[in-house]
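This report describes selected local features of one model. The sequence and the structure come first, and the text then works through them by region.

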Amino acid sequence: MSQYLFKNFQLLEPQFDDVRDGYELLIEGTQIRELADKPIKSPSAIKIDCAGGTLMPGLIDSHVHVFLSEVYLPNLEKIPLTLMTARSIGLMEGMLNRGFTSVRDTGGADWGIKEAVEKGNIAAPRLFIAGQAIGPTGGHSDSRRRTDYGMRCHCCNAMSFTMCVSDGVSEVRRAAREQMRQGADHVKIMMSGGVASPYDPLTSLQFSMEEASAAVEEANAFGRYVCAHAYTPEAITRAANAGVRTIEHGNLIDEAAAKLMASKGMFLVANLVAYYAMKERAAEFGMAADMIAKNDMVIEGALRSLEICKRAGVPVAYGSDLLGPLQVEQSREFRLRAEVVSPIEIIRSATSIGAKVLRMEDKLGTLRAGALADLLLVKGNPLKNLDLLQNQGRDLAIIMKNGQFFKNDLAR
Ligand code: ZN
Ligand code: ZN
């Protein structure tokens, strides 16, 4: 098994508040074998002199959609599954280039693409999938035109492939079970209106308490959990009371809803950059005016939601939720959060907290022994300059995933 011994770096281990000197790190195969604050003896290992750069765990984006390759989602009706898949390859390679070695897809990605990543058919981040995002008739997952009656088949275009409409306890139960049969790592449900869907008011309440509880019951029975799309305090509260584990977006959260989330050990997955990017550029990619109006309703709550969760003690994970060509802005989330959150907290959101969301805290988001060998070597200290994580990974000298170099500038 190949061994690599990393020397001469500053360690950025998210459990510490600052970088530390004097450490060495030994990789064996796909795992971190040893992290020590003294020299590690390993005669057979290939030595890597990191030239004083910062070694940190690979980044985790806890809210992406690798199959949603259009900004104006109804355009996906014209995209066959082959083209959807081909486009996702480029989108995922971009993520890996930016240092994201794990991503959590919250609607769309299926077991087939996950298998392709795991088998090494394509260069992409480790994928955690939801299968189809499940919502009620007329809700955020209902992609049909008003002139459509009845359901469309799910095998024809990218739009219907990624979404599932279900109503009532037994249909939601069946839909949740179906996603898990298809290999879902988590079950995604819609609890409030959304921005990128045409007909549902943003403040609408979507799944009922009974429907959400049915999804939770099935997910838990299968050893999975439910993540819920929700913007308003009412939708967040209903999701929390139904046993949902993570709230996606949560822009309009209030103190009471945040306290409830904290008391239940829940996570917020925020994604500010999606709203800023949509405000600036969605119109040029054909997004409809009523969707852009809904975007304006939530953008002003985004930074406030981080402050409310911080006060209430709700851990906030790093999300981007960018659609199609806007995905190049994935790392701008670091910059946006810096207005209200410290650099180490932002790094934790994209490492150790993301790993907890994935229930992989021993394996991801850390450089401790036993973790998977996902790491970055940054040319400088991101705690002093978060912009080192911008520019499509330009300042990342090494990107390693699962013990394999995706990028190694030092070797050049
Ligand atoms: Zn959503
Ligand atoms: Zn999303």
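Which strands and which helix do the buried residues of H4 pack against? The model is predicted, and in it these residues pack against strand E10 (133–135), strand E11 (163–165), strand E12 (187–190) and helix H5 (209–221).

**Helix H4**

Helix H4 covers residues 168–181. The buried residues of H4 are Val172, Ala175, Ala176, Gln179 and Met180. They cover an arc of only 135° around the axis, which puts them on the same side of H4. An α-helix has 3.6 residues a turn, so residues three or four places apart point the same way. Ser170, Arg174 and Arg181 are exposed on the other side of H4. After H4 comes Gly183, with a positive phi near 90°.

**The two zinc ions**

Which residues coordinate each zinc ion?

| Ion | Donors | Distances |
|---|---|---|
| Zinc ion (ligand 1) | His229 (ND1), His249 (NE2) | 2.0 to 2.1 Å |
| Zinc ion (ligand 2) | His63 (NE2), His65 (NE2), Asp321 (OD) | 2.0 to 2.3 Å |

His63 belongs to strand E7 (residues 59–64), while Asp321 is in the loop between strand E16 (316–318) and helix H11 (332–337), so the pair ties together parts that are 258 residues apart in sequence. Both His63 and Asp321 are buried.

The zinc ion (ligand 1) and the zinc ion (ligand 2) are 3.7 Å apart. The donors of the zinc ion (ligand 1) are His229 and His249. His229 lies in strand E13 (residues 226–230) and His249 in strand E14 (residues 246–249), and the two are 20 residues apart. His229 is buried. His249 counts as buried because its relative accessibility is 2%, below the 20% limit. The phi of His249 is near 80°, a positive value in a residue other than glycine.

**The five-stranded sheet**

In what order do the strands of the open sheet run? The order is E2-E6-E17-E18-E19, and the pairing is mixed. Strand E2 (10–11) and strand E19 (404–408) stand at the edges with a single partner strand each, so one side of each has no neighbour in the sheet. Helix H1 (residues 81–97) packs on this sheet, where it touches E18 and E19. The direction of H1 makes about 120° with that of E18. Within the sheet, strand E17 (residues 375–378) pairs with strand E18 (residues 396–401) in the antiparallel sense, over four bridges. Leu375 is opposite Met400 in E18.

**Two loop residues**

Arg359 is located in the loop between helix H13 (352–357) and E17. Arg359 has a positive phi of about 60° although it is not a glycine. Is Arg359 buried or partly exposed? At 44% relative accessibility, Arg359 counts as partly exposed, because that class runs between the limits of 20% and 50%.

Pro39 sits in the loop between strand E4 (31–36) and strand E5 (46–49). With a relative accessible area of 64%, Pro39 is exposed. Pro39 and Phe16 are 23 residues apart along the chain, and their C-alpha atoms are separated by 20 Å.

Conventions
Residues numbered from 1 in each chain as written. Chains lettered and ligands numbered in written order. Predicted model: local features only at pLDDT ≥ 70, side-chain atom pairs only at ≥ 80, totals over all residues. Heavy atoms only, no water. Expected span 1.5 Å × (residues − 1). Buried < 20%, exposed > 50% of the residue type's maximum accessible area, 1.4 Å probe, protein only. Arc of directions from axis to C-beta. Contact = heavy atoms within 4.5 Å. Donors = N, O, S within 2.8 Å, 3.2 Å for Na, K, Ca; no water. Pairing = 2+ DSSP bridges. Axes fitted to C-alpha atoms, helices over the stretch in contact; angles between N-to-C directions.
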